[in-house]
Amino acid sequence: MNSEAVSALIAKSPSLKAAKPKLEAMEPGSYVVHRSWGFGQIKSYDEAAQRLIIDFKGKAGHAMDPAFCISTMEVLPAAHLLVRKETDGARITELIADNPVQLVVEALHAYPNNAATVIELELTLAQVIGEEKFKKWWAAAKKALAKDPRVAVPEKKTECFVLRETPVSAEDEILEQFNGTRSARRRIVLAEELMDA
């Protein structure tokens with residue numbers, strides 16, 4: 001949407017002023033994820049009807065009120081894996097097959113602070129890879145990630161995968177976990193891992 005269209009929407013409904021940056025991001029060509037409709041691409045903006053025209057998978061040319069989309073739709077950055085699957089599908093397919101760790105690293109680049117919760121990352125990767133292949137692929141990818149010094153792998157699903165600015169050795173990572181836990185059992189396991197490393 002151009003700035004005149006955004007200004008017209010805000011003039012009509014002043015409560016939208018706080019959402020101005022999000023409205024401005026809803027430009028033709030932008031890729032989006034909607035809670036109900038899933039992944040799609042904004043094709044145009046109908047100024048007369050004040051509706052975004054969005055092509056979703058299986059539902060082309062769907063007209064939506066931008067004010068409604070503020071709370072139900074996320075505009076994806078160009079670096080997001082779902083967008084790159086559409087714009088650079090060959091590269092993403094190559095990473096899925098040959099370099100799962102690099103795929104996760106590139107996925108983390110699209111998140112704020114280069115960090116994503118396990119759930120966020122799994123949801124994105126499942127959509128990129130496909131539900132039927134995802135579980136087996138993810139099990140192998142997590143084993144490879146645990147050995148990669150560029151990525152901090154979380155202990156729990158509620159914690160985040162973090163792309164480190166400077167890679168950390170496996171020994172330093174184990175020591176960090178050792179110092180961060182109070183559980184005697186966990187410390188014994190970590191000490192054994194450190195001796196094997």
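In this predicted model, β3 and β4 run antiparallel and are joined by 4 bridges. The two strands belong to an open sheet of 5 strands, ordered β4-β3-β2-β1-β5, with antiparallel pairing. The chain as a whole has 10 helices and 8 strands.

**The β3–β4 pair**
- Ile54 has His62 in β4 as its bridge partner.
- The two strands make a hairpin with 2 residues between them.
- Gly58 sits in that turn and has a positive phi of about 80°.

**The β2–β3 pair**
- Strand β2 covers residues 38-46 and pairs with β3 in the antiparallel sense over 6 bridges.
- Gln41 has Asp55 in β3 as its bridge partner.
- The hairpin of β2 and β3 has 4 residues between the strands.
- Gln50 in this hairpin takes a positive phi near 50°.

**The two faces of β3**
- In a regular strand, side chains alternate between the two faces of the sheet.
- Strand β3 spans residues 51-56 and has one covered and one uncovered face.
- Leu52, Ile54 and Phe56 make up the covered face.
- Arg51, Ile53 and Asp55 make up the uncovered face.

**The β1–β5 pair**
- Strand β1 covers residues 31-34 and pairs with β5 in the antiparallel sense over 3 bridges.
- Val33 stands opposite Glu74 in β5.

- Strands of a sheet pair through backbone hydrogen bonds, either parallel or antiparallel.

**The chain overall**
- The radius of gyration is 21 Å, whereas a compact globule of 197 residues would have one near 16 Å.
- Along the principal axes, the C-alpha atoms fill a box of roughly 70 × 35 × 25 Å.
- Of the 197 residues in the chain, 38% are buried.
- The chain exposes about 11,600 Å², and carbon and sulfur atoms supply 54% of that area.
- Among contacts with a separation of 6 or more, 43% come from residues 24 or more positions apart.

Definitions and conventions
Residues numbered from 1 in each chain as written. Heavy atoms only, no water. Pairing = 2+ DSSP bridges. Rg over C-alpha atoms; globule rule 2.2 N^0.38 Å. Buried < 20%, exposed > 50% of the residue type's maximum accessible area, 1.4 Å probe, protein only. Contact = heavy atoms within 4.5 Å. Areas by Shrake-Rupley, 256 points an atom, 1.4 Å probe, with all protein chains shown as cover.
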